[in-house]
Amino acid sequence: MKRKFPNLCKPIQIGNVVFKNRMFSAPMGGTDIPEDCTIGPKSTAFYELRAKGGAAAVTVSECVVHPKTEHSHAFRLDPKVLGSMASFAYTADAIRRHGAIPSVELSHAGQFSGTYLIDKEEKRQIEQWGPSAGVRHDGVPVRELTEELIREIVEAYGATAALAKRAGFEMVMVHGGHGWLINQFLSPYYNKRTDKYGGSLENRVRFAQEVLDSVRAAVGPGFPIEFRMSGAEFFEGGYGLEEGIEIAKLLESRVDLLHVSAGSYLTGFDITHPSMFREHGCNVYLAAEIKKHVSIPVATVGGINDPYMMEEIIASGKADVVEMARALLADPELPRKVMSNREDTIVKCLRCYTCLAERVATSTRRCTVNPLIGRELESRDIVPVTVPKKVLVVGGGPGGLQAAVTAAKRGHRVILCVASDELGGILKGERAIPFKYEMYELGVTLGRQARQLGVEIRLNTRVTKEYAEQENPDAVIIAVGSEPIVPPIPGIGGANVIQVTDYHHQKDKVKDSVVVLGGGLAGCEIAVHLAREGKTVHLVEMRGELAPDANVRQRPILLREIDKCGVKVHLGHKAVRVTEEGVVCAHEGKETLIPGETVICAAGQRPRRREAEELLDTAPFVAQIGDCVKATTITNAIYQGHHAALDI
Ligand SMILES: Cc1cc2nc3c(=O)[nH]c(=O)nc-3n(C[C@H](O)[C@H](O)[C@H](O)COP(=O)(O)O)c2cc1C
C-alpha cells in the first residue's frame, strides 16, 4: 500500500523502544479523579481510546510525584494506597494492547499546586512551594523550597518513575514546561535563588538535570525519557527562545525525546493550548529552531490537526514527532485514518475550548465534536442492530448529521432531508470566517461520512407532516434547527442590514464601517473577523457584558482579541432604530448614533418550534434534538443527535 503520509507513518526508535508512527497523544488530564487518586476505569477507557485510534504513544497526564509539597488532586502512584499500582498497571496494559507505547507524565506544579480544584476556598488554603519565596500574581504566598526539600522531590521523581516502569509504562514524560515546578526553576521570572539552583542558566537548569538523573537511575539505560519544555515562555521577565535553545542543549544528554511546547500557565491558555485566533502549528518554529541545536529527536505540539501539515513538519525536518491533544479528542482515530489514507474523514478539532472549560465547570471531560469523550465506558457501543429500521432525519445541521451517521453505523436505513441545497445547517456560514473554518468543515466531513455510510441525502426537501407520513419511517429525528431573531425595530429590514447567519453569501456587500448589533458569541466573533479585515467595527450590546454565552476558557481570549483588533464596544446600548448612517441606540436616557454603513444583526437564534411540532406524530419513535428544542451549542446538538440515534 502506498501511504499518502509516508513520513508521518514511519516508525521511530527512541531509546530502546520503537514507536510505530510519528503521531503521539499528548498528556490530557481530567478532574474526575477518584478520592484515592488512582486512575480508575473511566480514565483508563479515556486513554485506551487514543491507543485504539492508532497513536504511537499515549501519555497519561500528570502524576504528582511529591504530594507533601504538591497538593493537586491529580493521579498519584503510591504503593501504600490499595489499588494504586494496579490502576496504573491496568492503564498501561489497556494502552499497550493496541500497540501504543504507554507513557506517564511525572509532574510537580510548584507554586500552581491545586490549580484545577473546583473548591476555591480549598484552593486558596493550599500551601504553595516554588524555587523562591514571594507572592503569586493572584496574591497567594509562595514558600521557598529548601535544599532538603529539593533533594526529596528529586528522589520522588526517580521513585515514581521506577513504579511507573514496574506498572508497565514503557516511557516517562518529565513535565518541565507550562510554568510548572521545573519550568519555575528554569525561568528567571520565578527563580530568584542565589544558591546553586539560581542565578546563571547553568544553575537554573540544575534542578531539571538532577530530576532527569534521578529518573534515569530509576529506569535504567535505553528506557525513553521525554522532557516537556516550553521553547519560550512568552511573557515579560520569562525566558525567550534563545534561552530555550540553551536549556535544551544543557539537558539533551539526559533526555531521549525533547518535547517543545510553549508558554506558561501564568498568561492563560492562549499559547499553551493555541486558541482559534492563532495559526495552526504556531509553535512549530520553536521546535524547529531547537532541533537545529540538539542531536536528539524533537517533538512539536500545539494547534496541529491537519495531516498535510504534520507530514510537512516531519518531511522537512522541523520535528521528528508530532504530538496532539485536542485533535485526538475530536477524532481519536486520526492516526489510523492517516495510516490508511482516509484523511478526508478526520473530524477536526475546532479549538473551541469546550474540553478545557468543561474541566473547570464540571470536572468532566467533553468534546464538542466527539460525543464519546468522557463517556467511553457508559456510552453504548455502536453495535449493529439485528432488525434495521427506516430512519428519517429532518435537518442537515451538526445534530442531524451526527444522528444520521450514528444511525447508519448501527445499520439502519437512513434518509436525511434538508430544506436547503447544502448540508451543514448553521455551520455553513462559518466558511467565511477563517478562524472558524473548521466549524464549516465539520458539516462537510459529517456529510461525507454520512454518504460513505450509505445515508440517502435529499437536498432542497422540506419535510411536512404529509411528506414524513408518506415515507412511513420507523423513526424520525427532528433536527430542524433555529432561525435568526430579528429585533422588531424600524429599519431592521433595510438594504444595509445583514443577518450574521447570511454573512457568508453577502459578505461582498459589507462596507468599510460596520455596526454589529448583538454582543453574544456570534456577534463578538464576526466583529473580530471584520476588524481583522481592516474595517471599522462598532459592537453594540444591550447588556452590561460581552459574550456571556462563551465558555470560561474561550471568553477571556475572545475579549482580548476584541480589544487587540480595535473593535469599539458599546455596552448598555439598546438599539432603537437602524438608519443608513448606522444604529441609533438608547443609552443612559439619551439617543446616540453608533455610525456604520453596514449593520450586521447578531441578536441570537430562535428554535423552529412550529416546524418541529408538525412532525411529532409522524413515526412510532420520534426524537427532537439540538437548536429546534432550545437554541444551543454545537456540543449539545452533536451529543443529542448521537444519543437519539442510539435510542432508536
Ligand atoms: C483537556 C486537556 C487536558 C490537558 N491536560 C494536560 C496535562 O495534564 N498535562 C500537560 O502537560 N498538558 C495538558 N494539556 C495540554 C496538552 O498536552 C497540549 O500541550 C495542548 O493542549 C496543546 O496541544 P493541542 O493543540 O494539540 O491540544 C491538556 C490539554 C487539554 C485539551
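## Strands, helices and overall shape

Strand 20 (residues 497-499) and strand 27 run parallel and are joined by three bridges. Within this pair, Ile498 stands opposite Ile600 of strand 27. Strand 27 also pairs in the parallel sense with strand 21 (residues 513-517), over four bridges, and here Val599 in strand 27 is the bridge partner of Val515. Two strands count as paired if DSSP finds at least two bridges between them; helices (H or I, at least four residues) and strands (E, at least two) are DSSP runs numbered from the N terminus.

This is a predicted model, in which local features need pLDDT of at least 70 and side-chain atom pairs pLDDT 80 or more, while totals for chains, interfaces and linings use all residues. Residues are numbered from 1 along each chain as its sequence is written.

Which way do the residues of strand 27 (residues 598-601) point? Thr598 and Ile600 point one way, Val599 and Cys601 the other.

Five strands build an open sheet with parallel pairing, in the order 17-16-15-18-29. Its edges are strand 17 (456-458) and strand 29 (621-624); each has a single partner strand, so one side of each is left without a neighbour in the sheet.

Another open sheet has three strands in the order 24-25-26, with antiparallel pairing. Here strand 24 (574-579) and strand 26 (590-595) are the edge strands, each pairing on one side only.

| Strand pair | Direction | Bridges | Residues opposite each other |
|---|---|---|---|
| strand 16 (residues 413-417) and strand 17 | parallel | three bridges | Cys417 and Arg458 |

Which residues of helix 2 are buried? They are Ser84, Ser87, Phe88, Thr91, Ala92, Ala94 and Ile95. These residues lie on the same side of helix 2, because they cover an arc of only 160 degrees around the axis, the arc being that of the directions from the helix axis to the C-beta atoms. Their packing partners are helix 1 (40-52), strand 4 (57-64), strand 5 (75-76), strand 6 (101-107) and helix 4 (147-167).

Ala208 belongs to helix 7 (residues 206-219). It counts as buried because it has 24 C-beta neighbours inside 10 Å. Beyond its neighbours within four places in sequence, Ala208 is in contact (C-beta atoms, placed from the backbone, within 7 Å) with Gly176, Ile182, Phe185, Leu186 and Leu251. Between Ala208 and Ile600 there are 392 residues of separation in sequence and 53 Å in space, C-alpha to C-alpha.

### The whole chain

Stepping back, the chain has 21 helices and 29 strands. Its radius of gyration is 26 Å, close to the 26 Å that the globule rule gives for 648 residues, so the chain is as compact as a globular protein of that length. That radius is taken over C-alpha atoms, and the rule is 2.2 Å times the number of residues to the power 0.38. Along the principal axes, the C-alpha atoms fill a box of roughly 75 × 65 × 50 Å.

Of the 648 residues, 54% count as buried. Among contacts between residues at least 6 apart in sequence, 71% join residues at least 24 apart.

Note on methods. A residue is buried if 20 or more other C-beta atoms lie within 10 Å of its own, exposed if 12 or fewer, and partly exposed in between; C-beta atoms are placed from the backbone. Two residues are in contact if their C-beta atoms, placed from the backbone, lie within 7 Å.
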